Amino acid sequence: VGYRRLGHNEMDDDSLTQPLTRAKVQQHPPVSTIYADRLLQDGLINQEDLESQIDQVSDEFEAEYQYSTSASPSMSEWQPQNADFHKRPVNVTGLPIK
(Lines give C-alpha, C1' and ligand atoms only; values in the text may rest on other atoms or scores of the structure.)
Protein backbone atom coordinates (compact mmCIF):
# COMPACT_ATOMS: atom_id res chain seq x y z
CA VAL A 1 0.00 0.00 0.00
CA GLY A 2 1.37 3.39 -0.96
CA TYR A 3 0.64 6.69 0.73
CA ARG A 4 1.72 10.30 0.67
CA ARG A 5 2.93 11.29 4.09
CA LEU A 6 2.03 14.95 3.53
CA GLY A 7 -1.33 14.50 1.80
CA HIS A 8 -2.49 14.33 -1.78
CA ASN A 9 -0.58 17.42 -2.85
CA GLU A 10 0.93 20.59 -1.39
CA MET A 11 -2.48 22.23 -0.91
CA ASP A 12 -4.29 19.21 0.51
CA ASP A 13 -5.08 19.13 4.22
CA ASP A 14 -5.76 15.46 4.67
CA SER A 15 -6.47 15.97 8.37
CA LEU A 16 -9.80 17.39 7.14
CA THR A 17 -10.52 15.03 4.25
CA GLN A 18 -9.07 11.77 5.65
CA PRO A 19 -8.53 12.24 9.40
CA LEU A 20 -8.34 8.52 10.30
CA THR A 21 -5.87 7.73 7.54
CA ARG A 22 -3.85 10.83 8.44
CA ALA A 23 -3.60 9.69 12.06
CA LYS A 24 -2.35 6.25 11.02
CA VAL A 25 0.19 7.68 8.59
CA GLN A 26 1.53 10.07 11.23
CA GLN A 27 2.04 7.16 13.64
CA HIS A 28 3.87 5.09 11.03
CA PRO A 29 7.64 5.66 10.72
CA PRO A 30 8.92 7.00 7.38
CA VAL A 31 10.22 4.43 4.89
CA SER A 32 13.72 5.92 5.20
CA THR A 33 13.71 5.22 8.94
CA ILE A 34 12.51 1.66 8.46
CA TYR A 35 15.17 1.01 5.81
CA ALA A 36 17.96 2.61 7.86
CA ASP A 37 16.99 0.60 10.93
CA ARG A 38 17.07 -2.59 8.89
CA LEU A 39 20.50 -1.80 7.44
CA LEU A 40 21.82 -1.14 10.95
CA GLN A 41 20.16 -4.26 12.36
CA ASP A 42 21.61 -6.46 9.61
CA GLY A 43 25.07 -4.96 10.13
CA LEU A 44 25.26 -3.67 6.56
CA ILE A 45 26.10 -0.13 7.71
CA ASN A 46 27.15 1.52 10.94
CA GLN A 47 25.58 4.62 12.50
CA GLU A 48 28.47 6.88 11.50
CA ASP A 49 28.27 5.85 7.82
CA LEU A 50 24.49 6.18 7.84
CA GLU A 51 24.66 9.72 9.21
CA SER A 52 27.39 10.59 6.71
CA GLN A 53 25.25 9.41 3.79
CA ILE A 54 22.20 11.27 5.10
CA ASP A 55 24.30 14.45 5.43
CA GLN A 56 25.70 13.99 1.91
CA VAL A 57 22.24 13.67 0.35
CA SER A 58 20.97 16.62 2.36
CA ASP A 59 23.95 18.72 1.23
CA GLU A 60 23.32 17.74 -2.41
CA PHE A 61 19.65 18.72 -2.12
CA GLU A 62 20.63 22.05 -0.57
CA ALA A 63 23.24 22.70 -3.28
CA GLU A 64 20.68 21.97 -6.01
CA TYR A 65 18.14 24.22 -4.29
CA GLN A 66 20.66 27.06 -4.06
CA TYR A 67 21.56 26.55 -7.73
CA SER A 68 17.88 26.66 -8.68
CA THR A 69 17.36 29.98 -6.90
CA SER A 70 20.31 31.65 -8.63
CA ALA A 71 20.26 30.07 -12.10
CA SER A 72 18.00 31.33 -14.84
CA PRO A 73 18.34 28.90 -17.74
CA SER A 74 16.95 29.73 -21.15
CA MET A 75 14.20 27.57 -22.63
CA SER A 76 16.72 25.72 -24.81
CA GLU A 77 18.68 24.73 -21.70
CA TRP A 78 15.63 22.84 -20.44
CA GLN A 79 16.01 20.42 -23.35
CA PRO A 80 18.09 17.42 -22.18
CA GLN A 81 20.33 17.48 -25.24
CA ASN A 82 21.21 21.14 -24.56
CA ALA A 83 21.51 21.05 -20.78
CA ASP A 84 24.89 22.02 -19.40
CA PHE A 85 25.19 19.68 -16.45
CA HIS A 86 28.74 20.90 -15.78
CA LYS A 87 27.24 23.98 -14.13
CA ARG A 88 25.21 21.89 -11.71
CA PRO A 89 26.50 21.40 -8.16
CA VAL A 90 25.39 17.75 -8.23
CA ASN A 91 25.74 15.33 -11.12
CA VAL A 92 22.04 14.59 -11.66
CA THR A 93 22.59 11.39 -13.65
CA GLY A 94 24.81 9.65 -11.14
CA LEU A 95 27.29 8.96 -13.96
CA PRO A 96 30.72 10.55 -14.29
CA ILE A 97 30.53 13.96 -15.98
CA LYS A 98 33.68 13.32 -18.05
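The model is predicted, so local features need pLDDT of at least 70 and side-chain atom pairs count only at pLDDT 80 or more, while totals for chains, interfaces and linings use all residues. Residues are numbered from 1 along each chain as its sequence is written, and side-chain values use heavy atoms, with hydrogens and water left out.

P29 is found in the loop between helix 2 (19–27) and helix 3 (31–41); helices are DSSP runs of H or I with at least four residues, numbered from the N terminus. With a relative accessible area of 36%, P29 is partly exposed, a class between buried (under 20%) and exposed (over 50%), taken with a 1.4 Å probe and protein chains only. P29 and R5 stand 24 residues apart in sequence, and their C-alpha atoms are 9.9 Å apart in space.

The structure contains 1 salt bridge, defined as a side-chain nitrogen of Lys or Arg within 4 Å of a carboxyl oxygen of Asp or Glu. Its partners are R38 and D42, whose closest N and O atoms are 2.9 Å apart. R38 is exposed at 51% relative accessible area, whereas D42, at 40%, is partly exposed.

A negative surface patch is made up of E48, D49, E51, D55, D59, E60 and E62. Patch residues have over 30% relative accessible area and no salt bridge, with like charges joined within 9 Å; Asp and Glu count as negative. E60 counts as partly exposed because its relative accessibility is 31%.

Terms used
Patches are made of residues with over 30% relative accessible area and no salt bridge: like charges are joined within 9 Å, nonpolar side chains (Val, Leu, Ile, Met, Phe, Trp, Tyr) within 5 Å. Accessible areas come from the Shrake-Rupley method with a 1.4 Å probe; for residues, only the protein chains shown count as cover. The place of a charge is taken as NZ of Lys, CZ of Arg, CG of Asp or CD of Glu. Helices (H or I, at least four residues) and strands (E, at least two) are DSSP runs, numbered from the N terminus.
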